[in-house]
Amino acid sequence: MPPIDRSDRSAARAEYSLLAELQPVVEINLNRHLEVAKEWFPHEYIPWGEGRDFEGPLGGEAWTQGEAKLPEVARTSLVVNLLTEDNLPGYHFAVAEFGKDGAWGNWVNRWTAEEARHGIALRDYLLVTRAVDPRALERARMTHMSTGYERPDDFSALHAIAYASFQELATRISHRNTGHASTDPVCDTLLARIAADENLHMVFYRNLVEAAFDLAPDTTMAAVRDVVTGFEMPGSTIKDFGRKSAEIAIAGIYDLRLHHDSVVMPILRKLRVFERGGFGPAGEAAREELAAFTAKLDTQATSFTDRREGIRAARAKRAAAVQGESR
């Protein structure tokens with residue numbers, strides 16, 4: 001079943017009717033989120049005592065490469081995660097377009113506030129610890145935000161909700177593993193805190209998808225199929241994203257194996273996608289396509305991990321050779 005054609009008025013009416021039916025579920029899950037979410041303050045996670053003025057009007061010290069104490073791949077991942085958060089205005093607009101009133105509007109505003117907190121904390125950490133070139137970071141922010149974010153035209157509200165379920169879990173894992181890769185306890189603690197928020201966001205969206213399956217199984221199955229088979233992280237428009245994501249994958253921070261084993265399959269199992277009944281021909285066809293895709297993804301993940309071992313071995317050999325020459 002293809003995504004909703006917005007030129008089809010009957011399809012559009014059906015979409016907004018489904019959203020209206022989901023409003024009570026949105027309210028229940030918003031209230032649940034507000035009950036379990038823990039208040040926290042970004043400034044408490046930043047080592048302010050390490051900060052120094054940078055060059056410029058305040059006459060501080062220019063940043064140098066030698067100040068970057070974190071491993072390069074951890075810095076790359078932190079910057080990718082931060083630039084992704086920076087495009088928050090675009091994400092807000094994309095989801096608020098489906099409704100600004102009632103429980104959904106309240107959720108969108110709350111979610112936006114929590115995501116903005118992540119960007120604040122990440123930027124403060126990177127600048128205070130002088131982990132990255134601040135001018136390069138600002139230029140990257142300007143470039144990425146100037147590009148903006150637009151959701152695909154064929155994404156319905158249900159597509160957006162389904163996408164967020166997988167994306168929030170993927171982001172949680174990326175943050176958590178970036179913290180581990182940083183080898184800095186302060187960074188690890190901060191990213192664990194951010195990851196806890198992302199997990200709650202995932203639960204919210206996943207619960208909405210589960211309710212949608214009960215209301216409109218075929219339409220929901222098609223949306224899940226579309227999202228999983230065409231999944232891209234929201235930061236995919238970042239300059240040199242392909243190269244950066246490859247390095248992040250080689251480091252094991254986020255790769256195809258994690259995507260399959262720790263994101264796609266856990267959500268599909270929780271939603272009982274392959275056990276549910278009640279589908280019509282379109283829903284069954286979408287489910288079969290999804291099953292075929294996840295099997296292919298599993299094979300691709302195994303192939304990638306095999307290739308990665310070879311890459312790591314070659315890099316270790318080169319490093320040993322360089323070290324031997326320097327003696």
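Helices here are DSSP runs of at least four residues, numbered from the N terminus. Keep that in mind as we walk through this structure, which is a predicted model.

Let's start with a spot between two of those helices. S156 sits in the loop that links α5 (134-147) to α6 (157-182). Is S156 buried or exposed? Its relative accessibility is 2%, and buried means under 20%, so S156 counts as buried.

Now follow the chain to α7, which covers residues 185-215. This helix has 31 residues and reaches 45 Å from its first C-alpha to its last, close to the 45 Å expected at 1.5 Å a residue. Look at the start of α7 too: there, a side-chain oxygen of D184 comes to within 3.1 Å of the backbone nitrogen of V186.

Time to zoom out. How many helices and strands does the chain have? There are 11 helices and 0 strands. And how does the whole thing fold up? With 327 residues, a compact globule would have a radius of gyration near 20 Å, and the chain's 22 Å agrees with that. Its C-alpha trace spans about 70 × 45 × 35 Å along the principal axes.

Finally, take the contacts between residues at least 6 apart in sequence: 82% of them join residues at least 24 apart.

Definitions and conventions: Residues numbered from 1 in each chain as written. Predicted model: local features only at pLDDT ≥ 70, side-chain atom pairs only at ≥ 80, totals over all residues. Heavy atoms only, no water. Helix = DSSP H or I, 4+ residues; strand = E, 2+ residues; numbered from the N terminus. Expected span 1.5 Å × (residues − 1). Polar contact = N/O pair within 3.5 Å; in protein donor to acceptor, adjacent residues only side chain to side chain. Rg over C-alpha atoms; globule rule 2.2 N^0.38 Å. Contact = heavy atoms within 4.5 Å. Buried < 20%, exposed > 50% of the residue type's maximum accessible area, 1.4 Å probe, protein only.
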